[in-house]
Amino acid sequence: MAFVEKRVPPKIFKRVREWMENHAILSVALPAILPPPMPLSPFVLAAGALKMSRKKFLNTFIISRALRHALAAWLGIHYGRHILRLWNSLSDKYATPVLIVIWTGILASCTFAFWKLYKTSRAVHPRSRRLAKPSNTTA
């Protein structure tokens, strides 16, 4: 429990814990079904920290993931050829302009970064040059 509290922000952990206590099966099933922007790790960690039964967790998690991937496979089988046709027609028309825009952005970003680095390095005076001045005093 301490590991989870350390790794997950308190606000999120409190909400996850309350949800887990009230809806144990849904709290594992929904994040396992939803696509990647939905965080899964806090719910899995909370299920372990709150001592959800292993059998209930595994059954829920396996069924949820199987449903998610079965849906993705069905979408690929049903719409795959149409999506590929659309992708190929769009890439024939717009691949070159898109690549030009992307590479221009990359080169402009690199140029800006090097310019800022050069400007910063010119503004900084090393202390070693000031301290290394020879003195005319003899001991």
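Modeller: What follows begins with the chain as a whole and then turns to the part you asked about. Please keep in mind that this is a predicted model, and that every value below is computed from it.

The secondary structure of the chain comprises six helices and zero strands, so that, read from the N terminus, the order of elements is α-α-α-α-α-α. Of its 139 residues, 14% count as buried, and the accessible surface amounts to about 11900 Å², with 67% of that belonging to carbon and sulfur atoms.

Helix H5 covers residues 54–123, and Leu86 is found in it. Leu86 itself counts as partly exposed, because its relative accessibility is 47%, a value in between the limits of 20% for buried and 50% for exposed.

As for the aromatic rings, the structure holds three aromatic pairs. One of them is formed by Trp74 and Tyr79, whose arrangement is edge-to-face, with 6.3 Å from centre to centre and 85 degrees between the planes. Trp74 is partly exposed because its relative accessibility is 46%, and Tyr79 is partly exposed as well, because its value is 38%. Another pair is that of Phe112 and Trp115, whose ring centres lie 6.0 Å apart and whose planes stand at 40 degrees, so this pair is tilted; the reason is that an angle between 30 and 60 degrees counts as neither stacked nor edge-to-face. Phe112 and Trp115 both lie in helix H5, three residues apart, which is about one turn of the helix. In general, an α-helix has 3.6 residues a turn, so residues three or four places apart point the same way. Trp115 is partly exposed, because its relative accessible area is 46%.

After H4 comes Lys51, which has a positive phi, near 60 degrees.

Notes. Residues numbered from 1 in each chain as written. Predicted model: local features only at pLDDT ≥ 70, side-chain atom pairs only at ≥ 80, totals over all residues. Heavy atoms only, no water. Helix = DSSP H or I, 4+ residues; strand = E, 2+ residues; numbered from the N terminus. Buried < 20%, exposed > 50% of the residue type's maximum accessible area, 1.4 Å probe, protein only. Phe/Tyr/Trp six-rings, centres within 6.5 Å; stacked < 30°, edge-to-face > 60°. Areas by Shrake-Rupley, 256 points an atom, 1.4 Å probe, with all protein chains shown as cover.
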